[in-house]
Amino acid sequence: MQESPFVELIMQRGIEQGSHQVSIKFILSVLTERFPLSDTTPVAEALESIQDLERLSELLLIAVKTLSVDTFLQEVEKSEE
């Protein structure tokens, strides 16, 4: 059975939204594990505005290497410029 273009569009958007949320969750998990005493709320808020999944993937790799949550947040804010 073939899905309608509308159903396919809705499914694709759902997949993209899920990928977006999972990417953010992974980044926050890495930062929380590395810096357990740091507040990641500002990072979470900044990441929500990034829709580019490629950029979120790049930021995950940066989160693994960053020196602090503040340094990571500065990198995220570069994305917004």
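Guide: Helices are DSSP runs of H or I with at least four residues, and strands are DSSP runs of E with at least two, numbered from the N terminus. The model is predicted: local features need pLDDT of at least 70, side-chain atom pairs count only at pLDDT 80 or more, and totals for chains, interfaces and linings use all residues. Residues are numbered from 1 along each chain as its sequence is written, and side-chain values use heavy atoms, with hydrogens and water left out.

T40 sits in the loop between helix 1 and helix 2. T40 counts as buried because its relative accessible area is 15%; buried means under 20%, exposed over 50%, and partly exposed in between (1.4 Å probe, protein chains only). Leaving aside residues up to four places away in sequence, T40 touches L28, L31, T32 and V69, where contact means heavy atoms within 4.5 Å.

In helix 2, the buried residues are V43, A46 and L47. Viewed down the axis of helix 2, they fall within an arc of 100°, so they line one face of the helix. The arc is that of the directions from the helix axis to the C-beta atoms.

H20 belongs to helix 1 and is buried, at 3% relative accessibility. Among the residues H20 touches, not counting those up to four places away in sequence, are L47, E48 and L56.
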